[in-house]
Amino acid sequence: MIGTHCDLLIVGAGPAGLAAARAANGRGLKLVLLDDNPLPGGQIWRARAGQVATEVGQLPADVTLLTQTRVAAALGPRQLLLEEAGGSRTLTFDTLILCTGARELLLPFPGWTLPGVTGAGGLQALIKGGVDVADERIVAAGTGPLLLASAATAQQAGARIALVAEQANRRAVLAFGLGLWRWPNKLRQALTLATPRYRPGTWVEAALGSDRLEAVRLRQGDRRWEVACDRLACGYGLVPNVELAQSLGCATLDGAVAVDEHQRTNQPHILAAGECTGIGGNELAQATGRIAGLVASAQLDAVASVQAEARAWRRFAVQLARTFALDPAIARLAQPDTLVCRCEDVSLGALVGHADWTQAKLHSRCGMGACQGRICGQATRVLLGWTPPAPRFPLQPTRIDSLLTLTEDER
């Protein structure tokens with residue numbers, strides 16, 4: 001059990017959150033680190049028992065680690081409603097570090113709701129969670145290095161990789177690869193993940209099948225062809241998770257939590273680090289996490305050297321974003337009858353003609369399902385140019401007993 005108050009709260013126990021907790025070590029703070037997964041490590045270290053054990057073992061003794069705990073709502077500038085498997089509680093804090101990470105950008109195309117179609121990171125999570133893909137034929141498609149990582153995970157689990165379809169053109173991908181000498185460990189990773197099945201300038205136009213996925217139709221320039229497969233892992237990059245930050249009044253910039261060089265947000269008691277502040281990879285997440293932990297624990301004299309490291313990784317992030325920018329053709333794949341909101345079965349045709357997200361939601365229930373617009377909200381940003389929905393209380397579907405706990409606390 002923990003009390004109802006802590007000096008420093010870190011939300012998210014991925015690479016950034018773990019780095020922040022280690023950096024704040026030894027300063028006498030009552031520190032709580034929480035994550036909604038069963039184990040710390042985030043998506044990047046999911047199911048890597050040795051890596052997770054090492055990271056947790058390096059946590060200071062004064063850190064309380066709460067897993068399978070999620071933030072249901074922000075109740076005030078320094079108070080959160082937490083939901084756990086065994087109940088709920090409110091927790092206040094003096095300082096907060098947001099390390100809420102990112103999620104996949106999933107874009108609709110004909111057949112994308114067929115069983116067997118997942119996100120690229122989603123397939124990784126399934127495999128690491130124990131799903132058997134041995135001997136299955138897999139196509140990975142979309143954009144970014146996650147495609148290669150997902151294909152490698154599947155191949156190591158015994159799957160057969162039919163194709164890795166990268167929508168970025170060959171020239172951009174080649175230039176990116178030739179520039180990786182500036183980041184040697186990224187070059188080593190790229191060489192490790194390389195596969196002869198990799199096809200730049202290629203994307204999935206449609207997933208084909210009746211009851212489940214049977215094949216995909218691909219396009220490369222003017223050429224179209226079909227490839228039989230059992231699974232399609234399709235992702236178009238990552239989107240920062242900013243809903244909690246927004247509900248606490250933190251400003252955003254280009255879809256990410258806006259921070260200064262010390263990882264401070266516009267709220268004086270809140271810092272942010274990792275992918276929620278911009279997509280840049282594991283190394284940048286750890287560097288910004290260390291900065292946030294040092295600043296939150298008043299170790300400003302140690303910040304400068306880590307900032308230099310973070311700047312180097314931000315340069316990598318810029319190259320990453322430039323190389324894998326979406327081809328406009330991707331936004332034109334969805335047809336009028338293609339579902340955009342899977343929770344409420346709302347098609348693109350039902351959304352076209354509305355002025356914005358709010359109007360479309362009132363007329364079609366788009367975004368009113370379990371994901372609360374997290375998937376379809378980002379999809380309509382790309383497809384229709386709409387601003388994604390603002391977070392509302394509660395931040396995600398929440399148990400009735402959690403809300404009753406809140407009511408009791410207010411009495």
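These notebook entries record what I looked up in a predicted model of one protein chain.

**Entry 1. Salt bridges**

I began with pairs of opposite charge. Side chains of opposite charge can pair when their charged atoms come close. A search of the whole structure gave 11 salt bridges.

I looked up Glu243 and found a salt bridge with Arg103, with 3.0 Å between the closest N and O atoms. This pair links distant parts of the chain, since Glu243 is in helix α7 (residues 243–247) and Arg103 is in strand β7 (residues 102–104), 140 residues apart. I noted that both Glu243 and Arg103 are buried.

I then turned to Glu205, which forms a salt bridge with Arg224, the closest N and O atoms being 2.9 Å apart. Glu205 belongs to strand β12 and Arg224 to strand β14 (residues 223–228), so the pair ties together parts that are 19 residues apart in sequence. Glu205 counts as buried because its relative accessibility is 11%, under the 20% limit. Arg224, at 47%, counts as partly exposed. I also recorded that Glu205, Arg217, Arg219 and Arg224 are linked in a network of salt bridges.

The next pair I looked up was Arg290 and Glu309, whose side chains meet in a salt bridge at 2.6 Å, N to O. Here, too, distant parts of the chain are linked: Arg290 is in helix α8 and Glu309 in helix α9, 19 residues apart. Arg290 is partly exposed at 23% relative accessibility, and Glu309 is partly exposed at 32%.

**Entry 2. Helix α8 and what follows it**

α8 is followed by Ala298, which lies in the loop between α8 and α9 (303–323). The phi of Ala298 is positive, near 60 degrees, in a residue other than glycine. I noted this because most residues other than glycine have a negative phi. Ala298 counts as exposed, with a relative accessibility of 57%.

I found another such case in Gln372, a residue other than glycine with a positive phi near 55 degrees. Gln372 is in the loop between α11 (357–364) and α12 (374–384), and it is partly exposed at 36%.

**Entry 3. Helix α4**

Which parts of the structure do the buried residues of α4 pack against? I listed α3 (120–128), β9 (137–142), β10 (160–166), α6, β11 (198–200) and β15 (231–235). The buried residues of α4 (residues 146–156) include Leu147, Leu148, Ala151 and Ala154. An α-helix has 3.6 residues a turn, so residues three or four places apart point the same way. After α4 comes Gly158, whose phi is positive, near 100 degrees.

Arg231 lies in strand β15. Is Arg231 buried or exposed? I recorded Arg231 as buried because its relative accessible area is 15%, under the limit of 20%. Leaving out residues up to four places away in sequence, Arg231 touches several others, among them Leu123, Leu126, Glu136, Ile138 and Leu213.

Gly121 is placed in helix α3 and is buried at 10%. With residues up to four places away in sequence left out, Gly121 touches Gln43, Glu104 and Leu146.

**Entry 4. Thr265 in its loop**

I looked up Thr265 in the loop between β18 (256–257) and β19 (270–272). Thr265 is buried, with a relative accessible area of 10%. Which backbone atoms does the side chain of Thr265 reach? I found the backbone nitrogen of Gln267 at 3.1 Å and the backbone oxygen of Ile270 at 2.9 Å. Beyond four places in sequence, the residues that Thr265 touches include Cys250, Val257 and Leu271.

**Entry 5. A surface patch**

Finally, I looked at the surface. Trp181, Leu187 and Leu191 make a nonpolar patch of about 350 Å². Trp181 lies in the loop between α5 (170–178) and α6 (184–193). With a relative accessibility of 56%, Trp181 counts as exposed, since the limit is over 50%.

Methods. Residues are numbered from 1 along each chain as its sequence is written. This is a predicted model: local features need pLDDT of at least 70, side-chain atom pairs count only at pLDDT 80 or more; totals for chains, interfaces and linings use all residues. Side-chain values use heavy atoms; hydrogens and water are left out. Helices (H or I, at least four residues) and strands (E, at least two) are DSSP runs, numbered from the N terminus. Buried means under 20% relative accessible area, exposed over 50%, partly exposed in between (1.4 Å probe, protein chains only). A polar contact is a pair of N or O atoms within 3.5 Å; within protein, one must be able to donate a hydrogen and the other to accept it, and residues adjacent in sequence count only if both atoms are side-chain atoms. Contact means heavy atoms within 4.5 Å. Patches are made of residues with over 30% relative accessible area and no salt bridge: like charges are joined within 9 Å, nonpolar side chains (Val, Leu, Ile, Met, Phe, Trp, Tyr) within 5 Å. Accessible areas come from the Shrake-Rupley method with a 1.4 Å probe; for residues, only the protein chains shown count as cover. A salt bridge is a side-chain nitrogen of Lys or Arg within 4 Å of a carboxyl oxygen of Asp or Glu.
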